[in-house]
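I opened the notebook to go through this structure entry by entry. Each entry records what I looked up and how the terms are meant.

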Amino acid sequence: MSVLVAESLSKSYGGLRVLDSVSLTVDAGCVTALVGSNGAGKTTLFRCLAGTLRPDSGRVLLAGRDLTRLPADARSRRGLVPTYQVGSVFQTLTVRENLLVAAENRHRFGLLQSFSNRQAREADDRVDLVCDELGLGGVADVPAGELPTGTLRLVELARALVTDPLVLLLDEPVSGLDRRQAAAVSTLLRGLAGAGKAVLLVEHDPAFVEEVADEVHELAGGSLHRVAVTAETGKPS
Amino acid sequence: MIAIDLALAGVAVGAVAALAGLGVLVTYRTTGVFNIASGGMAMLVAYFLWEAVTVWHWPLAVAAPVALLVIGPAIGLAAEWGVFRPLRRRAASTAETLVASTGLLVLTLGLASQIWGLQTRQNAPALVPSGAIDLPGGATIDRSSLAQLVIAVVVCIVLTVVARRTRAGLLARAVVDQRSLALLSGVNADRVAAIGWALGGGLAGLAGVLLAPSTQLSPYGLTLVVLETLAVVVIAKLKSAVAVVVSALAIGIGQAELQRVQLNGLAQTIFGSVQSNLFVLALLIGLLLIPQLAETGAGAVSSVARRPARWPRWTVPVGAAFLASPVLFPLVDVTTAEQVPALALIFLSLMLLSGVAGQISLGAAGYAGVGALLAAGFTDGAGGLPKVPGVIALVFGAIGAGVLGLITGYPALRRSGLALALTTLAVGTVASRFVFEQPRFTSGLTIRLAVGGDRAFYALELVFLLLGLGMVEMLTHGRVGRALRAARDSPDGARAAGVDVRTMTLAAFAASATLAGLGGGLMVEAAGAFDSSAVDPLQGLLWFTTVVVAGADSAVAAVLAAALFVIVDTVAVPGTSLLVVGLLAALLGRLPRGIAGIIDLLTSLLGRHRLDSPDEPRRLNPAGRRLLGLTR
């Protein structure tokens, strides 16, 4: 079932048409990869989906609901959660606080809610759960700015998972990681897909894409082409 | 004919503004540092020339070359060596560089006030003796104006040719664009920066020396005049020397031409402000129309804070006892102590906005001034405002300032780093020039709360300070505090985590301005009259620098800094606080995080807490280690 649908997204910078009526569907339980050469428009498409860039035309639908006019934070609260290639962890907050921010903002901020003990407990429990699942308990009270790159990637993933997203948008999730670490992230993503999450990742590394993706799309000349599917899904490549 | 004469008169102002702007531009294009301290450098050189000619009786022909070719460049070089080189070497953020630059400005003010005092000198020597030169068509131009125009045009041509046609210009661009690559290519980046600072210091000095005879030679007066000419650099988008000169001449001539228009009543009050403050207006309009400046280097970093310093626990009760007992101020009366809670509220407002929310605000004086003016107006029933009891007037003033903060928060949504800092500075300067300094709005406001004497008023101030601390505590801890800090550390990351960064930013501006307005209101009630110099834009710079030096993310630091600030100026010579704050800020490159960093270092040396080990992967639980492929 398609959870995320991009319909005829177009975006131009000046006279340069970067996205030309691009359509894409991302299914629950699948890892979908987006590949393409530098400057092909992958980041533009990613940002149009995440809500940090407004497309010139086209729509973005999440579980059938039109998100096109919603800003990035509202999309995140509805379950479309991105992580970024350039580290976007909160450096001065501890790992636990990083995750708490996401857990506490899963719903729109209400003044009364900010005093709700029940919601605070729920957020705490959720953070504990994800910290345990991803093995971050030992660094939970360490400021994120003091952690190495690999751990930061894990913190960023944990922060996204804490929100219990419908779709995870990952911009080059293994950039800066070595081969063993990339394989481990691959295992994690496969596990998430197995649990029914939809994962869309933008990636340069062909080996990683081959290892993790159910479906691969290539962006070239502003258009999208499906280039591969795995044998499991049974679709032709 | 009048139009031509006025235009020619405006040329003089425009030419000096162009020189000041070129100084800032050349430093920026060679080092990536926006030299907010250029006004202070200009003022120091102008004071040196005054001292040399009128006190030491040097001939002008000797004193002027020494001032312009030795002292000006030497000040620039000292700034490069002592302040900015260490920052550059540790790849400091734009925000840190900006703080160091404002710190340098504060330091120059402190030095000048210590050496020459705060009084105004009327007899600054003129480089070019005045005298009219007849032009074809019957118009005349002042000899000094013509000389200034010629100097500005020549400097502009030389800089443009050097930047575009010579190897030196190419190297300078390379260093600013990609310092590490330039270093690998064998470029001596330090030498390029030194030349940039020497030129910047020299040009600032030239502008100061040329301006001093026609404006006031006082630490604050001349500095502020030069600071306002930053408008021309903004309009030139920090890029073109030609655009600097053209815009400076256009504003100078425009300002002179406006003298021909005379209106009546309130319209003339407002228009009269425009006539004499076109540079300030141009700075604000330029920044509102140009949200993104051509910023170089590491890009716009909005945060000025890291994790708050770990204050020893005893500081809170000791500080509270100290504040609650003005009798502990042994040498001074309670009138001096009354300044502390007011200033502490203003510092708390900056701590909230700049320290926690990461928005660089140089315009706190504007919010404080609006709060003060409204509080005074409501207390006095002036300007058509209803007369209300003093305590309510203070609250109304704070709310009014909060509304202004909300409005000025909107431009901040599209700005960061230098553009945001300059926009807030411009808002504060416009408020000062167009409202606080206008007798129509401020004269005759003599007020005093009827709360039963100085001690009762001080107690009331402490109540307001406690309320302010409660508000800050609520906004900086728990869910809201985490969301604010998240938005400060990474706006994109915060949005990804569902934080409404836009609303958070606006709320931070409104809350901060409310606190500053309350502090301003208390300040004016304590003084008994509205004093525009207390909410001068330079005060905003000074307050911002103080809060950053004290530890931008800590309420305890903000309150203690206010107390120390007042005490230092009371027990030592007035202006000593400028010197101390300026020195600490200028040394940020060598003492990162100012006082907060020192406290952290001391507590770690005393073994109170262990600095965290860099070998973090070992701390991951087995599941995490497995996920990162650290175990099999």
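Before counting anything I noted that helices (H or I, at least four residues) and strands (E, at least two) are DSSP runs, numbered from the N terminus. With that in hand, I found 29 helices and two strands in chain B.

I wrote down that this is a predicted model, in which local features need pLDDT of at least 70 and side-chain atom pairs count only at pLDDT 80 or more, while totals for chains, interfaces and linings use all residues. Residues are numbered from 1 along each chain as its sequence is written, and chains are lettered from A and ligands numbered from 1 in the order in which they are written.

**Chain B overall.** I looked up burial, where a residue is buried if 20 or more other C-beta atoms lie within 10 Å of its own, exposed if 12 or fewer, and partly exposed in between, with C-beta atoms placed from the backbone. Of the 632 residues in chain B, 55% are buried. Of the contacts in chain B between residues at least 6 apart in sequence, 81% join residues at least 24 apart.

**Helices 2 and 3 of chain B.** Axes here are lines fitted to C-alpha atoms, for helices over the stretch in contact, and angles run from 0 to 180 degrees between N-to-C directions. I read that the axes of helix 2 (residues 38-55) and helix 3 (residues 60-89) of chain B come within 9 Å and cross at roughly 150 degrees. Helix 2 of chain B is therefore roughly antiparallel to helix 3 of chain B, given that angles under 35 degrees count as roughly parallel, over 145 as roughly antiparallel, 65 to 115 as roughly perpendicular and the rest as oblique. Among the residues that meet are Phe48(B) and Leu49(B) in helix 2 of chain B, and Ile71(B) and Ile75(B) in helix 3 of chain B. I sorted the residues of this contact into 14 nonpolar, two polar and no charged, where Ala, Val, Leu, Ile, Met, Phe, Trp, Tyr, Cys and Pro count as nonpolar, Asp, Glu, Lys and Arg as charged, and the others, Gly among them, as polar.

His57(B) is found in the loop between helix 2 and helix 3 of chain B, and its phi is near 60 degrees, a positive value in a residue other than glycine. I noted this because most residues other than glycine have a negative phi. His57(B) counts as exposed, because it has 8 C-beta neighbours inside 10 Å.

**Helices 25 and 27 of chain B.** Helix 25 (residues 537-551) and helix 27 (residues 576-586) of chain B pack at an angle of about 60 degrees, with their axes 9 Å apart, and are therefore oblique to each other. Their contact includes Leu542(B) of helix 25 of chain B and Leu578(B) of helix 27 of chain B. By class, this contact has seven nonpolar, two polar and no charged residues.

Terms used
Contact = placed C-beta atoms within 7 Å.
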